[in-house]
Amino acid sequence: MDLTIRSFLSFPLAGGAINEKRLSVATPCSTTKHATPGTFLCTATASIATDTTPFERESQKHNLLRAIQDTQRGLVATSDKRYSIEEALVCVEAYDAGSPIDLVKLDGTWRLQYTSAPDVLVLLESAARIPFFQVGQIYQTFDCRDNSDGGIVQNVVRWSIPSLLEEQEGATLLVSAKFFVVSKRNIYLQFEEILQFIRGFRAQVPLRSSKRQSVGGLYYLSYLDGNMLLGRAVGGGGVFVFTKAQPLT
């Protein structure tokens, strides 16, 4: 699917840089709304976060998961809903602000629960409008347990066409990339190829620019523990909420 390929190339991708200190906040999280819709300040001191209990951390994670319920992975989230989700997301991010990426925790399969990234939402919108196109689960997998500075990441989307490509025998789009840790919380993704599997058919497309350089971009990992991964496409490309999943077969 051409639409799928174009959308998935930037999941998550963007240019620019990000200030890792901007999330130096803590829980309990108090928010101060600004005049600009969709912006706020979550204020506290970073030292408080280290003194909070595991129950408080899990409570904030639960608040985030509750906030993204019934949004269809972000597809039907209103602007007010996105604002409340952002508040909940920043409060969870406070617990992990400034700490280095733990590649052992990052390693594995993560299932997308919510995003505000336009390039992913257009995929979900297409499935909602086109009755013969269905998008199943979307995953991000990391292979980096034995590495210290990077590894392999794959974006995986399951899709099907009812009566032609059933979900259990449908298609899998896989975008593969190398990633490199470039700072405590930023990784650089160097995308290399697209693989499209449809039953016994396999198509492979190298990802190269006109100058024969791999497509790439920065990804900010704002929170990571054993069962939740939060990310931000650097440059305002959207947020991502993942939960740990079983390895893909």
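Analyst: What follows looks at a helix pair, then at a loop residue, and then at a set of aromatic rings. This is a predicted model, in which local features need pLDDT of at least 70 and side-chain atom pairs count only at pLDDT 80 or more, while totals for chains, interfaces and linings use all residues. Residues are numbered from 1 along each chain as its sequence is written, and side-chain values use heavy atoms, with hydrogens and water left out.

Start with the helix pair. Helices (H or I, at least four residues) and strands (E, at least two) are DSSP runs, numbered from the N terminus. Helix H3 covers residues 54–67 and helix H4 covers residues 79–93. Their axes come within 9 Å and cross at roughly 160°. Axes here are lines fitted to C-alpha atoms, for helices over the stretch in contact, and angles run from 0 to 180 degrees between N-to-C directions. H3 is therefore roughly antiparallel to H4 (angles over 145 degrees count as roughly antiparallel).

Which residues of H3 and H4 meet? On the H3 side they are Gln60, Lys61, Asn63, Leu64, Arg66 and Ala67. On the H4 side they are Lys81, Ile85, Ala88, Leu89, Cys91 and Val92. Contact means heavy atoms within 4.5 Å.

Now the loop between H3 and H4. Glutamine 69 is found there. Glutamine 69 is partly exposed, with a relative accessible area of 49%. Buried means under 20% relative accessible area, exposed over 50%, and partly exposed in between (1.4 Å probe, protein chains only). Glutamine 69 and glutamine 113 are 44 residues apart in sequence, yet 8.8 Å apart in space, C-alpha to C-alpha.

Last, the rings. Rings of Phe, Tyr and Trp (its six-membered ring) pair if their centres lie within 6.5 Å; planes under 30 degrees apart count as stacked, over 60 as edge-to-face and the rest as tilted. The count comes to 4 aromatic pairs. In one of them, tyrosine 219 and phenylalanine 240 have ring centres 6.1 Å apart and planes at 85°, so the pair is edge-to-face. This pair links distant parts of the chain. Tyrosine 219 sits in strand S9 (residues 216–224), phenylalanine 240 in strand S11 (residues 239–245), and the two are 21 residues apart. Both tyrosine 219 and phenylalanine 240 are buried.

Phenylalanine 240 also pairs with phenylalanine 242: the ring centres are 6.2 Å apart and the planes at 15°, so this pair is stacked. Phenylalanine 242 is buried too.

Note on methods. Angles under 35 degrees count as roughly parallel, over 145 as roughly antiparallel, 65 to 115 as roughly perpendicular and the rest as oblique.
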